[in-house]
Amino acid sequence: MFKSYNPYKLEDKMKSLHHFFSENMESFLGYPCNGKFDYRSLYPFLDYPLNNVGDPFVSSNFALNTHNIEREVIEIFQDLTKADKSETWGYCTNGGTEGNMYGLFLAREIHPNAIVYYSDETHYSVNKIIKCLNIKSTRVKALPKGEMDLNHLNQLLYDNQNKPAIIVCNVGTTMKGAIDDLKGIRNALKKNNIKRSYIHADAALSGMILPFVKDPQSWSFADGIDSISISGHKMIGSPIPCGIVLAKSENIDHISQEVEYVGSKDTTIPGSRNAISPVFLWYQLKKLGFIGFQRMIKKCFDVADFSIKMFKAYGIEAWRHNNSVTVVFKRPSDYLIKKWQLAVNGETAHIITMPHVTKRKIVSFVKEIAEDKKRALKQVSSL
Ligand SMILES: Cc1ncc(COP(=O)(O)O)c(C=O)c1O
């Protein structure tokens, strides 16, 4: 049986938990979560059992919801992703994974016999979703810098010309920030005479970068995608994981059902849905506005370039893709991976210059990486 704490002990425990987070935030370099936000004025909303159950565009018997705010967030993302408002629909998710699940769920309902094509650099959520949905799939090789290998895609499509194709297009891969060539993917579908296809864009991080740059790669509804998943806690920043999924309205009918119990349409994956995170997203989007995000992202690029220069000054190779804030370099020691909370995959490591990552932090970090490299070289030469 669990026992109640006395109020002082409870308070102490919460203080030490808070201290743990504030200390660790100082060395939070490897993951794409913006830690710079202030939602304190939203605390009063924690007084209510809010729930966004059901379709945000259909009224519900459950009045304690933020559907109106959620709809505004969706409308902003329709603009950002160049979606036709009359032909697209969306909702606020629990994060990028749910948005990927939604896109692939719709795709499978439309094309039950399809094969999913996704690259070796695709986020692990897609592999899991494919298992959950029990869809046939095949993996496409990735090029050394992370983009889908279109020669391999062409070969795989050629071998399966009689089957519909569902393509997961990476709009910013997890490890290298690479963007798959959407035009090339569409050409490959055409060239191989694939009559029925669906393109889902996984734009977890870069979906909130590309709308704000001068020279975006192809990635949007205007470029031919059918659905898109973007994380909210990544570039926007939120204390609760969240995201956005958008899809073509005509495809939603394949999964929609009326539910008398909540008096709404069931068009989303979860039943009960977070009603606070759409408010966080709305608040930050409205606080900064388009220009504010543009400035913020420019600063992130600036810090990314600064870190590449720093690495180079110490003779360490580091790089980033155009329009990416993911700086890639060789895997350092396990000690530094843990200390700076770095994301690694095999011999590759990265930092992501999110808005809370300052040049001052980069200076300390790169110095430690350089010392680490020196130590490793010394050890090798003493063998
Ligand atoms: C490319 C990509 N897709 C999907 C996800 C999953 O997003 P979430 O953690 O919000 O579920 C991530 C997470 O890092 C990602 O990098």
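This is a predicted model: local features need pLDDT of at least 70, side-chain atom pairs count only at pLDDT 80 or more; totals for chains, interfaces and linings use all residues.
Local features required pLDDT of at least 70 and side-chain atom pairs pLDDT 80 or more, while totals for chains, interfaces and linings use all residues. Residues are numbered from 1 along each chain as its sequence is written, and side-chain values use heavy atoms, without hydrogens and water.

Polar contacts are pairs of N or O atoms within 3.5 Å. A polar backbone atom of Gly-96 lies 2.7 Å from a ligand oxygen. The side chain of Asp-202 places an N or O atom 2.6 Å from a ligand nitrogen. Lys-234 has a polar side-chain atom 3.1 Å from a ligand oxygen. The ligand alone exposes 390 Å², of which the protein buries 83% (Shrake-Rupley method, 1.4 Å probe). Helices are DSSP runs (H or I) of at least four residues, numbered from the N terminus.

No disulfides (cysteine sulfur pairs within 2.5 Å) were found in the whole structure. For Cys-33, the nearest cysteine sulfur belongs to Cys-242, 10.0 Å away. Cys-33 is partly exposed at 24% relative accessible area, whereas Cys-169 is buried at 1%. Buried means under 20%, exposed over 50%, and partly exposed in between (1.4 Å probe, protein chains only).

Phe-20 lies in helix H1 (residues 7-25). Its relative accessible area is 47%, so Phe-20 is partly exposed.

Definitions and conventions:
Helices (H or I, at least four residues) and strands (E, at least two) are DSSP runs, numbered from the N terminus. A polar contact is a pair of N or O atoms within 3.5 Å; within protein, one must be able to donate a hydrogen and the other to accept it, and residues adjacent in sequence count only if both atoms are side-chain atoms.
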